[in-house]
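I opened the model today to look up a few things. My notes follow, entry by entry.

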Amino acid sequence: MRSPHLAAVPLATAPPPYLAQADECDLFAQAHAARLPLLLKGPTGCGKTRLVEHMAARLGRPLITVSGHDDLGAADLTGRHLIEGGDTRWVDGPLTRAVREGAIFYLDEVVEARKDITVVLHPLADDRRQLPLDRTGEQIAAAPGFMLVLSYNPGYQHLLKGLKPSTRQRFVALSLGYPSPVLEAQIVQSESGCPPEVALQLVRLAQALRRLTEHDLEETASTRLLVMAARLTQAGLPLARAAHVAVAEALTDDAPTLAALAEVLRAVL
Ligand code: ADP
């Protein structure tokens, strides 16, 4: 069933294309309408960011994206006092801007960030929908349309780095995996402009690599890597070479592992 919340939003520009795996677009829109925050789980390169970009455009909301890293703390999200010519001026950070503007705020790889960010995320993620700014004493109520979206890759993080239950339980959670082979081939084709047979071969390769690498490597062949390889073929590189530089080399630096991946490439392409 299509969501009624997606019906009649006039778009300034066409949303970036997103081919849905299941009901994730409707679910996103319903979470937005219900003023609930969303947690997207899934391996790198499976389409999480594209889904958020697509849905922000369809819902007619501005999108503010921040990538999590180990030095990202609460002040990087909320803002800082800057000293200018002897004066001190408060400058909103990206989360504060999103809260004031009613934007969709997307924090990618949330588990990489410092733990103090939960202090600002929790009151925004529950019924309060408020951002406390300790340094200015302000309590900002989120404007209508604001939505908090976090993503993380449950596969590759350190056990100690998982999300705390008190954080997880504030979010609607959605798992995305790699798309089915038929859908993935459509994505590779439409994102790169390559012929259908090239897309199919790359998807077959991804499946073989995923079977092989699932347990051994932190990451395996993602849709993103297939799209990159397909784009290289469109630029004139032979398929096998494109798959080697865009897929195999991206997955490992270890010479014996790389040789094993190259073996799979030779067998499939
Ligand atoms: P993630 O955020 O999960 O790491 P991205 O959203 O950046 O992954 O996806 C990587 C690339 O793969 C995108 O830029 C796009 O080209 C392609 N892609 C993946 N899934 C889809 C999809 N369902 N529809 C369209 N493109 C997709």
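**Helix 9**

I listed the buried residues of helix 9: Thr223, Leu225, Leu226, Val227, Met228, Ala229, Ala230, Leu232 and Thr233. Buried means 20 or more other C-beta atoms within 10 Å of the residue's own, exposed means 12 or fewer, and partly exposed is in between, with C-beta atoms placed from the backbone. Helices (H or I, at least four residues) and strands (E, at least two) are DSSP runs, numbered from the N terminus.

This is a predicted model: local features need pLDDT of at least 70, side-chain atom pairs count only at pLDDT 80 or more, and totals for chains, interfaces and linings use all residues. Residues are numbered from 1 along each chain as its sequence is written.

Helix 9 is mostly covered, with 9 of its 12 residues buried. I then looked just past helix 9, where Gly236 has a positive phi of about 115 degrees.

**Core**

Which residues touch the most other members of the largest nonpolar core? They are Phe105 and Val149, in a core of 40 residues. Such a core is a set of buried Ala, Val, Leu, Ile, Met, Phe, Trp, Tyr and Cys residues joined through C-beta atoms within 7 Å. Another core of 26 residues lies apart from it, and includes Ile187, Leu202, Leu205 and Leu251.
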